[in-house]
Amino acid sequence: MLTRENMLNGTFVRVHEALLPANMLWDAEKIRASMNSTLEERPTGAPVWIFAYGSLMWNPVLAIEEMQRARLKGWQRSFCIRLISGRATPDVPGRMLSLDEGGITEGIAFRLPRLAP
């Protein structure tokens, strides 16, 4: 089950390691490299903002410096991601809310604290 506690204590990761094929798993180094690559594309010193449009709005699992209402044009909520883990299983797959092209999505923008150099 996807819960804050299971994310923090590592249970969520361990369940996925046992359930998912190896080619679908990212280790901490691959996740960190992806994050660093994304952050390198922003202007030097620019703040990092996260757009929340689902459960992250009322249950953020990250430190927040500032938040404000936001509107994302050209993207709409859609249950377009097929799940086989978390709140689903390979035998009983589910769907997860994500963003798909078209429309407008209302949400909240969170500004993250600056990282130490």
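Biologist: Leaving aside its neighbours within four places in sequence, which residues is Ser98 in contact with?

Modeller: A contact list is read by asking which parts of the chain supply the partners, and bear in mind throughout that this is a predicted model. With the neighbours within four places in sequence left aside, Ser98 is in contact with Tyr53, Gln76, Arg77, Ser78, Cys80 and Ile81. Ser98 itself belongs to strand E3, which covers residues 94–111.

Biologist: Is Ser98 buried or exposed?

Modeller: Here the idea is to compare a relative accessible area with a cut-off, and buried means under 20%. Ser98 has 14% relative accessibility and therefore counts as buried.

Biologist: Tyr53 was among those partners of Ser98. Where is Tyr53 found, and what does Tyr53 touch?

Modeller: Tyr53 sits in the loop between E1 and E2. Not counting residues up to four places away in sequence, Tyr53 touches Arg77, Leu97, Ser98, Leu99, Thr105 and Glu106.

Biologist: How many aromatic pairs does the count come to?

Modeller: For aromatic rings one looks at the distance between centres, where the limit is 6.5 Å, and then at the angle between the planes, where under 30 degrees counts as stacked. By this rule the count comes to one aromatic pair. That pair is formed by Phe51 and Tyr53, with 6.2 Å from centre to centre and 20° between the planes, and is stacked.

Biologist: Why does Tyr53 count as buried while Phe51 is partly exposed?

Modeller: The two values fall on either side of the 20% cut-off, because buried means under 20% and partly exposed lies between that value and 50%. Tyr53 has 19% relative accessibility and so counts as buried, whereas Phe51 has a relative accessible area of 23% and is therefore partly exposed.

Biologist: How should I read the pairing of the strands, and how many bridges join E1 to E3?

Modeller: One reads the direction of the two strands together with the bridges that link them. Strand E1, residues 49–52, is joined to E3 by four bridges, and these strands run antiparallel. Strand E2, residues 66–83, also pairs with E3 in the antiparallel sense, over 15 bridges.

Biologist: Which residue in E3 is the bridge partner of Phe51, and which is that of Gln68?

Modeller: The bridge partner of Phe51 in E3 is Ala109, and Ala109 is likewise the bridge partner of Gln68. Ala109 has a relative accessible area of 12% and is therefore buried. With neighbours within four places in sequence left aside, Ala109 is in contact with Trp49, Ile50, Glu66, Met67, Gln68 and Ala70. Between Ala109 and Asn59, which are 50 residues apart in sequence, the distance from C-alpha to C-alpha is 13 Å.

Biologist: What does Ile104 touch, beyond residues up to four places away in sequence?

Modeller: Ile104, which lies in strand E3, touches Arg71, Leu72, Lys73 and Trp75 on that count. Ile104 and Lys73 are 31 residues apart in sequence, yet their C-alpha atoms are 4.5 Å apart in space.

Biologist: Turning to the chain as a whole, what does its secondary structure come to?

Modeller: The protein chain has three helices and three strands, and from the N terminus on these elements run α-α-α-β-β-β. Its C-alpha trace spans about 45 × 35 × 25 Å along the principal axes. Among the contacts with a separation of 6 or more, 68% come from residues 24 or more positions apart.

Methods:
Residues are numbered from 1 along each chain as its sequence is written. This is a predicted model: local features need pLDDT of at least 70, side-chain atom pairs count only at pLDDT 80 or more; totals for chains, interfaces and linings use all residues. Side-chain values use heavy atoms; hydrogens and water are left out. Rings of Phe, Tyr and Trp (its six-membered ring) pair if their centres lie within 6.5 Å; planes under 30 degrees apart count as stacked, over 60 as edge-to-face and the rest as tilted. Buried means under 20% relative accessible area, exposed over 50%, partly exposed in between (1.4 Å probe, protein chains only). Contact means heavy atoms within 4.5 Å. Two strands pair if DSSP finds at least two bridges between them.
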